[in-house]
Amino acid sequence: VMDGGFDLDHSQINYANSGYDEVNDDNNAEADNKSTGSSHGTHVAGIIAAKRDSSGMHGVAYASTIVPVRILTDIGSGVSDIETAIDYASSQANIVNNSWGSYTWTSTATCTVGGVTYYCKGKVPATSSVGFDTVGERNKWNDFSSSDDAVAVFAAGNDGVNSETGTIKFYTLGGTYLTSYNVSTVVNAGVYSYSNRSSAESRYPTIYGSNGDNWLVVVNVDSNNKIFSGSNGCGDAKAYCIAAPGTDIYSTVSTSVNPTGYLTYTGTSMAAPHVSGALALLKQKWPNLSAAQLVDIILANATDLGSSGTDEVYGVGLLNLQRSMQASGALELTYASDDGTLKKFLVSDTSIISNKLMSNLDKNIPIGVVDEYERVYSVKLNDMYLNSQSSFSDQSSLYVYERDLTDKNRYVSAGNDGMFFIDNNIENIKNLNFDAKNRLYEYDLLSYEKLIFGNQQKIHVPISNSFTLSTDSQEFDNLLLKTNFYFNKNKYNLDLETGLISESGSVLGNTFTGAFKTNKSLTYFSKLKNSYSINEDLLKLNLSYGITQVEFENNNFIDMSDLITLESTLAYEKIFDKSKFSTSLNLPMYISKGHAQFTNVSGYDELGQYKNGTTKIDLSQRDIYGSLNFYYDINLSETSDFGVSYSLDSLNDQETNFIYRKKF
């Protein structure tokens, strides 16, 4: 805070140090006389950073600290050279508040007051500045305006030069106050040329042609968001000018000025520190922001006031801190590389489309993202999680396929599930009758196959009597190679299926996109199908086991351990002359062991550099919802059959399916 003297002993303000005093050229910015020279600077400092402790009031950025820099005497006059103060302020702080400025006078006019005419002059913003009146000072401010380390915030001044409510005070040539005229009257009379004009100090980028990317001018509005009559308007500084509360502001003063330690003041001097406090909050939360970005965020998120768009009274409009804190532009998932650079992927392109196997990823955990200013925010993982299906079952048909038990190498289409097959004995299919006793139920089928292919069309290519290759019929991204080993002894039958699944872009049928994209996953599996014959009846025990290994495209974002999957079924089948009945107790496939790990930017370290955070999610499923299933099939004729199934799971969800088939 570059201002007059301060009360460095005020209990409600955290001072970073004792600052610098340009008046006395020492490192103590306290006023020479607290009762006369400390109130303005202390009031400004309190608006920015007074503590939040239920005492009096608190500042906008109450956790920040104030670096006090004294550039005005106790009576408010400026010193001849503030080069050292400019250097000191910009080296010590990210935000430099300047609630000070200079004024000048209009040309001589005549004022009639109480029927008496006086020669008079009006008080208006200066055309040159006490703060920029030497080449050395201008060079310092030029260096400041070219820097990206700190923001200069200037009060627009209190000369009343605004076209909406403004009134300009007129004085006798000896300096005695006479009266005030509204701005339009003064301009129309030709006494003054501008309806809106801020102080020379605040207009530095306009006057001297600097880029002004780190410069802000602040006008004073009242509680109705109307510019105060004594406030200057933005004028030709409108592009980098903003409005903030500055009327009847309660803040800290020295107890030497008021025993309570607080007073209410009005002016653009009180409006500017509201903006400085807002900038401090942004910098506190996102230390990566440059000075130019801080200014851009504040200006871009202002609430429009006055004429639509940027105007000469209110500039870009009213300070809107809430909107400034919100994310801008498209959000991107990100993590910080070792060199500090960010790897980014659009959130809108990132998703997890999951079946029940990956239901543990439906978590309300934060995932680090950045906005267009690379400010760190977070989204929830479950915002990117979609449950693709309610179960692993093929909902369009009871049966995925059936197999003629007399020929282990023949596959036929079943129902309307959309599958077709390439077979080396296709001619025999037309002679196959519909025999209920040969029906294969869901529990006899390979669940891994359903996971990766779902209801897509697929091609089964028999390689030999014991090897089969299955793949997508369109993309050919997913491959399943399996072999069967058969063993029979008396009434006991064993069918051992083993194989390998290669998936491109998915993991056990779960699709990961964007930042989470998978390159491929490999699943090694085996299914042990035991059956024991009791007359025409069968008692079955089926067990499945799999190990899945995953390779992600960006394993800095997401990684997975090996996934262990299990499945089991106990079934009983009763075979009649033309019909078949079965009941089964099924524990569906579930992940018994494995985890996923997400790494992304989680915030900043003590040096203000990006830091990554890691979240590990256990994918093993503790709650396994089994089901009790009943099936009945009957041959109505040699060319038609009818079937029904009923399922009840441990959540009391029920499902009934019917199927009728006719061969022509």
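Mentor: Two strands pair if DSSP finds at least two bridges between them, and strands (E, at least two residues) and helices (H or I, at least four) are DSSP runs, numbered from the N terminus. In this predicted model, local features need pLDDT of at least 70, side-chain atom pairs count only at pLDDT 80 or more, and totals for chains, interfaces and linings use all residues. Residues are numbered from 1 along each chain as its sequence is written, and side-chain values use heavy atoms, with hydrogens and water left out.

Trainee: How do you know that β24 and β27 pair?

Mentor: The cut-off is at least two bridges, and 12 bridges join β24 to β27 (residues 518-534), so the two strands count as paired, in the antiparallel sense. One of the bridge partners is Y524 in β27, which faces L500.

Trainee: What makes β23 and β24 a pair?

Mentor: Strand β23 (residues 479-489) and strand β24 (residues 492-503) share 11 bridges and are antiparallel. L480 has I501 in β24 as its bridge partner. Their hairpin has 2 residues between the strands, and N490 takes a positive phi near 55° there.

Trainee: Why are β16 and β19 called edge strands?

Mentor: Look at the order of the open sheet of 4 strands: β16-β15-β18-β19, with antiparallel pairing. β16 (342-346) and β19 (376-380) each have a single partner strand, so one side of each is left without a neighbour in the sheet. For β16, 5 bridges join it to strand β15 (residues 332-336), and E332 has L346 in β16 as its bridge partner.

Trainee: Why are α3 and α4 called roughly parallel?

Mentor: Axes are lines fitted to C-alpha atoms, for helices over the stretch in contact, and angles run from 0 to 180 degrees between N-to-C directions. Under 35 degrees counts as roughly parallel, over 145 as roughly antiparallel, 65 to 115 as roughly perpendicular and the rest as oblique. The axes of α3 (residues 83-92) and α4 (residues 135-146) cross at roughly 15°, so these helices are roughly parallel to each other.

Trainee: Which residues of α3 and α4 meet?

Mentor: Taking contact as heavy atoms within 4.5 Å, E83, I86, D87 and S90 in α3 meet G136, E137, K140, W141 and F144 in α4. They divide into 3 nonpolar, 2 polar and 4 charged residues.

Trainee: What pLDDT does the protein chain average?

Mentor: On this confidence scale from 0 to 100, the protein chain averages 89, and 92% of the residues score at least 70. Over residues 390-432, though, the pLDDT is below 50.

Terms used:
pLDDT = per-residue confidence, 0-100. Nonpolar A, V, L, I, M, F, W, Y, C, P; charged D, E, K, R; others polar.
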